[in-house]
Amino acid sequence: MKLHKFAPLFGVLLLAVASSGCKKLQARDQLNKGVGAFRNAQYQQAIDHFQRAIDFDPSLLNARLYLATAYFQLYVPSGESKENIEAGKKAIEAFEDVLKSDPNNSAAISSIATVYYYMKQFDKAKELQERRLQIPEDANNPEVYYWIGQLDWAIVYPKLMQLRKDLNLANPKDPNKPDVLPPLPEKARAELAQQNGPLVDDGVKSLEKAVELKPDYIDAIAYLNLMYRQKAEIEPDQSARDADIAKANELSQRAVRLQISALEKAVEKVK
């Protein structure tokens with residue numbers, strides 16, 4: 001069979017290759033323009049460029065990641081307007097799109113968790129942070145353990161305060177001890193322990209792991225102090241409560257010392 005019979009087929013193939021190469025170049029051009037707009041905080045313009053880049057080359061993962069990050073920049077943490085919530089949802093959808101191609105993309109998982117955190121969907125945020133622990137590079141990342149502990153606290157603290165409000169026990173009895181609230185009635189304490197106990201234990205464990213991995217982790221130490229105070233609320237006897245409060249005070253003082261040390265180091269650098 002003569003080769004010239006295949007010439008039309010080769011021509012079609014060459015055109016397809018040329019078209020594909022041209023689209024990839026156009027995608028890169030749009031990506032570069034989007035990055036430029038992103039760096040200038042022109043996020044909506046950046047979004048348009050990143051979306052065009054994806055249209056030209058759906059396999060361009062960086063464009064998808066930048067698109068999600070640009071949506072994330074438009075989201076105002078804890079803002080409750082309809083437009084802001086929509087921006088948060090678009091950011092989540094865009095990061096989830098990244099995960100379809102790169103399931104272990106820690107930055108995407110962390111960003112989705114952060115949006116859920118600011119939307120006060122703490123359970124979803126915690127699930128995602130726990131998912132990060134399955135990624136080898138994050139298995140010993142103190143930030144992940146810190147987030148898990150912080151989210152545990154964010155879940156248990158409102159339950160405690162609502163219960164105290166319902167029982168009219170939200171204010172100190174002794175004006176000279178403004179940080180000491182009256183103990184909960186036994187029945188209420190037992191019910192709260194059943195609800196909050198597993199999360200308090202998990203929070204203490206996670207935050208202690210964060211501090212173990214990073215001994216000068218001020219935020220983790222501060223939240224560990226807060227979590228021990230939650231632990232004190234559900235202890236069955238006064239001696240255990242006193243021990244938890246003593247531990248909390250020790251951690252609080254440690255966090256303050258570290259803050260002072262960090263400030264002193266910053267001042268020294270300026271000199």
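These legends go with a set of close-up views of a predicted model.

Because the model is predicted, local features are given only where pLDDT is at least 70 and side-chain atom pairs only at pLDDT 80 or more, while totals for chains, interfaces and linings use all residues. Residues are numbered from 1 along each chain as its sequence is written, and side-chain values use heavy atoms, with hydrogens and water left out.

**View A. The largest nonpolar core.** This core holds 64 residues. A nonpolar core here is a set of buried Ala, Val, Leu, Ile, Met, Phe, Trp, Tyr and Cys residues joined through side-chain atoms within 4.5 Å; buried means under 20% relative accessible area, exposed over 50%, and partly exposed in between (1.4 Å probe, protein chains only). The residues with the most contacts inside the core are L31, F50, I112, Y146, L207, A220 and M227. Helix α7 (residues 142-166) gives the most to it, with 9 residues. Helices (H or I, at least four residues) are DSSP runs, numbered from the N terminus.

**View B. Around L207.** Contact means heavy atoms within 4.5 Å. Setting aside neighbours within four places in sequence, L207 touches Y145, Y146, G149, Q150, A220, Y223, L224 and M227.

**View C. Helix α9 against helix α10.** Helix α9 (residues 218-233) packs on helix α10 (residues 238-270) at an angle of about 165°, with the axes 8 Å apart. Axes are lines fitted to C-alpha atoms, for helices over the stretch in contact, and angles run from 0 to 180 degrees between N-to-C directions. That angle makes α9 roughly antiparallel to α10, a label used for angles over 145 degrees. The crossing of α9 and α10 is left-handed, which is to say that the near helix is turned anticlockwise from the far one by less than a right angle. From α9, the residues in the contact include I218, I221, L224 and Y228, and from α10 they include I245, A248, L251 and L258. By class, this contact of α9 with α10 has 11 nonpolar, 4 polar and 6 charged residues. Ala, Val, Leu, Ile, Met, Phe, Trp, Tyr, Cys and Pro count as nonpolar, Asp, Glu, Lys and Arg as charged, and the others, Gly among them, as polar.

**View D. Helix α4 against helix α5.** The axes of α4 (residues 82-101) and α5 (residues 106-118) come within 9 Å and cross at roughly 160°, so α4 and α5 are roughly antiparallel to each other. Their crossing is left-handed. Here G88, I92, F95, E96, V98 and L99 of α4 meet A108, I109, S111, I112, V115 and Y116 of α5. The residues of this contact split into 9 nonpolar, 2 polar and 1 charged.

**View E. Two loop residues with positive phi.** Most residues other than glycine have a negative phi. A41, in the loop between α1 (7-39) and α2 (43-56), has phi near 65°. S78, in the loop between α3 (61-74) and α4, has phi of about 70°. A41 counts as partly exposed at 45% relative accessibility, and S78 counts as partly exposed at 34%.

**View F. R64 in helix α3.** R64 sits in α3 and counts as buried, at 15% relative accessibility. Leaving out neighbours within four places in sequence, R64 is in contact with I54, P58, D97 and V98.

**View G. Q194 in helix α8.** Q194 lies in α8 (residues 186-213) and is exposed, with a relative accessible area of 65%.

How values were computed: Parallel < 35°, antiparallel > 145°, perpendicular 65-115°, else oblique.
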